[in-house]
Amino acid sequence: MINAFGLKNKQLVKINEGDIKNAIWIDLIEPEEADREVILTNLGQNLATSIELDDIEASARFFEDNEGLHVHSFFFYEDAEDRAGNSTVAFTVHNGRLFTLRERDLPAFRLYRMRSRYQGMNDGNPYEVLLDLFEVKVEQLADQIENIYSELEELSLIIMDRSAQEHYDEAITSLAELEDTAWKVRLCLMDSQRAVNYLVRRAKMPTDQLEQAREVIRDIESLVPHNESLFQKVNFLMQAATSFINIEQSRIIKIFSVVSVVFLPPTVVASAYGMNFENMPELKWEYGYPLSLLLMLLAGVAPYIYFKVKKWL
């Protein structure tokens with residue numbers, strides 16, 4: 001799918017495919033061969049392939065050639081099941097246009113398009129659009145870090161409440177998911193920092209965009225320590241939860257050990273002398289056998305019910 005945007009009174013507006021030559025920003029989402037052919041025929045621009053998007057080598061992510069200046073960068077997203085992920089977006093600046101190629105819809109792009117409806121542009125060049133997208137991405141990552149902080153605070157209350165140990169399994173699963181999300185946010189921040197640093201060093205940007213790029217770098221650098229503290233918080237809560245579980249298990253094992261020691265002497269006596277007597281009145285009981293079966297059943301069920309009530313199972 002091709003989305004083309006032009007400038008009208010220094011504001012981004014969506015234009016028809018027939019006016020694509022007047023576009024300053026061309027956004028392609030999962031482009032088919034027909035879409036690539038339209039771009040090549042009308043603008044003479046070759047687009048990155050799926051294999052090139054997946055390449056993680058620095059030389060394949062930040063470079064300049066006859067097709068323009070290329071920057072490939074990760075963008076954070078959450079799928080329909082709220083699982084975090086990073087998707088690569090290919091940016092190409094060539095002949096006064098910005099080309100973006102991505103394989104899925106991304107929150108940062110949706111938010112930027114919504115903002116562009118009522119926010120004008122200062123210079124109206126492709127570098128400004130590119131850096132605006134990075135600014136929105138950094139804001140999204142900052143919001144994600146705040147969300148993780150809030151969820152960790154809720155999990156902290158659950159873990160520190162020793163009476164809520166039945167929720168520990170769910171809490172540990174949530175902690176693992178938050179750690180995975182924080183890791184993807186960290187990867188996205190590091191990749192964004194590299195990408196903007198490359199633009200500052202190699203791109204011939206106007207003065208305003210150069211200062212904008214440096215501001216984005218400062219914003220990223222301010223978020224990195226917060227993201228690092230998330231890992232420390234997650235690790236602390238994970239260790240606290242596992243420690244409380246180990247303490248509870250040790251307490252239960254202690255009870256079993258005491259019971260075993262208490263019943264060991266009678267068991268030894270019963271094993272040595274229990275059925276080695278000639279006169280045993282119980283052998284003449286009419287209901288002795290069914291009674292013994294019933295006692296065996298009760299002896300097996302009663303501990304299970306007790307353990308279930310005590311929440312040891």
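A salt bridge is taken here as a side-chain nitrogen of Lys or Arg within 4 Å of a carboxyl oxygen of Asp or Glu. The structure examined is a predicted model. Under this criterion, 11 salt bridges were counted. One of them joins aspartate 27 to arginine 102. Their closest N and O atoms are 2.5 Å apart. Aspartate 27 belongs to strand S3 (residues 25–29), and arginine 102 belongs to strand S7 (residues 97–102). The pair therefore ties together parts that lie 75 residues apart in sequence. Side chains of opposite charge can pair in this way when their charged atoms come close.

Both strands are part of an open sheet of seven strands. The strand order is S2-S1-S3-S7-S6-S5-S4, and the pairing is mixed. Strand S2 (12–15) and S4 are the edge strands, each pairing on one side only. From one strand to the next, the twist averages 25 degrees. Strands of a sheet pair through backbone hydrogen bonds, either parallel or antiparallel.

Two antiparallel pairings were examined within this sheet. Strand S6 (residues 84–94) and S7 run antiparallel and are joined by five bridges. In this pairing, histidine 94 stands opposite arginine 97 of S7. Strand S4 (residues 62–65) pairs with strand S5 (residues 68–78), also in the antiparallel sense, over four bridges. Two residues separate S4 from S5, and the two strands form a hairpin. Phenylalanine 62 has valine 71 in S5 as its bridge partner.

Helix packing was examined next. Two packed helices are described by the angle between their axes and the distance between the axes. Helix H5 (residues 126–160) packs against helix H6 (residues 168–202) at an angle of about 160 degrees. The axes of H5 and H6 are 10 Å apart. Angles over 145 degrees count as roughly antiparallel, and H5 and H6 are therefore roughly antiparallel to each other. The crossing of H5 past H6 is left-handed. The contact of H5 with H6 comprises 21 nonpolar, four polar and two charged residues.

Annotation was then compared with the model. An unreviewed UniProt entry places the feature "transmembrane region" at residues 255–275 and 287–307. In the model, the span 287–307 is 95% helix and 0% strand. The end C-alpha atoms of this span lie 30 Å apart.

Key: Residues are numbered from 1 along each chain as its sequence is written. This is a predicted model: local features need pLDDT of at least 70, side-chain atom pairs count only at pLDDT 80 or more; totals for chains, interfaces and linings use all residues. Side-chain values use heavy atoms; hydrogens and water are left out. UniProt positions are given in the numbering used here, feature names are shortened, and annotations may be inferred rather than shown by experiment. Two strands pair if DSSP finds at least two bridges between them. Axes are lines fitted to C-alpha atoms, for helices over the stretch in contact, and angles run from 0 to 180 degrees between N-to-C directions. Angles under 35 degrees count as roughly parallel, over 145 as roughly antiparallel, 65 to 115 as roughly perpendicular and the rest as oblique. A crossing is left-handed if the near helix is turned anticlockwise from the far one by less than a right angle, and right-handed if clockwise. Ala, Val, Leu, Ile, Met, Phe, Trp, Tyr, Cys and Pro count as nonpolar, Asp, Glu, Lys and Arg as charged, and the others, Gly among them, as polar.
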